[in-house]
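Please take a moment with the sequence and the model shown here before reading on.

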Amino acid sequence: LYDMDAIAYFVCDQPFLSCDSILKLKNNVQEDRIVVPDVKAIVIPLYFSKKYFDLLLTLEGDKGGKSIIKNNTDYVNYVYFTDKKEFFDIDNLDDLISL
C-alpha cells in the first residue's frame with residue numbers, strides 16, 4: 001500500500017463517468033493533496049495522496065473520505081468539470097427514473 005503515490009476511490013453506480021474525466025483527475029494528483037471533482041459538492045471519484053493513507057485506514061462503517069476532505073481543505077485540488085451528469089450516481093429507483 002505505501003509503495004503507491006496515491007489511491008483513487010470509486011463507486012460502481014456512476015454510469016456516465018468517462019475515462020477522460022478519470023484521467024483528468026489523475027493528472028491533477030500532487031504530493032500531499034486530495035483531488036476532488038468540482039461539481040458543487042464532494043463527489044466521487046476522489047484521489048488521495050500517500051499523506052492520507054493512514055487516515056483512510058481509520059475510517060469505520062459507512063464513513064467515507066468526506067471527513068478527511070473537510071478537515072484538510074487547504075490541501076484539496078478542485079478540478080473543474082462542465083458536465084455534471086458524469087458524476088451522477090444511481091442510489092435508488094427514483095435516481096434511475098430521474099435519468
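Which radius of gyration does the protein chain have, and why does it agree with that of a compact globule? With 99 residues, a compact globule would have a radius of gyration near 13 Å, and the protein chain has 14 Å, which agrees; the radius is taken over C-alpha atoms, and the globule rule is 2.2 Å times the number of residues to the power 0.38. Along its principal axes, the C-alpha trace of the protein chain spans about 40 × 30 × 25 Å.

A word on the basis of these values: this is a predicted model, in which local features need pLDDT of at least 70 and side-chain atom pairs count only at pLDDT 80 or more, while totals for chains, interfaces and linings use all residues. Residues are numbered from 1 along each chain as its sequence is written, and side-chain values use heavy atoms, with hydrogens and water left out.

The protein chain holds four helices and four strands, where helices (H or I, at least four residues) and strands (E, at least two) are DSSP runs numbered from the N terminus. Read from the N terminus on, the elements follow the order β-α-β-β-α-α-β-α. Of the contacts in the protein chain with a separation of 6 or more, 64% are accounted for by residues 24 or more positions apart, a contact being heavy atoms within 4.5 Å. Buried residues make up 30% of the 99 residues; buried means under 20% relative accessible area, exposed over 50%, and partly exposed in between, with a 1.4 Å probe and protein chains only.

Strand β3 (residues 46-49) pairs with two other strands, and two strands count as paired if DSSP finds at least two bridges between them. Strand β1 (residues 6-9) runs antiparallel to β3 and is joined to it by four bridges, with Leu-46 of β3 as the bridge partner of Tyr-9. Strand β2 (residues 34-38) is also antiparallel to β3, through two bridges, and Val-35 has Tyr-47 of β3 as its bridge partner. From β3, Leu-46 and Phe-48 point one way, whereas Tyr-47 and Ser-49 point the other way, and all of these residues are buried.

Finally, consider Val-76, which lies in strand β4 (residues 76-80). Val-76 has a relative accessible area of 8%, and is therefore buried. Leaving aside neighbours within four places in sequence, Val-76 is in contact with Arg-33, Ile-34, Val-36 and Ile-69. The C-alpha atoms of Val-76 and Asp-32 are separated by 9.0 Å, although these residues are 44 residues apart along the chain.
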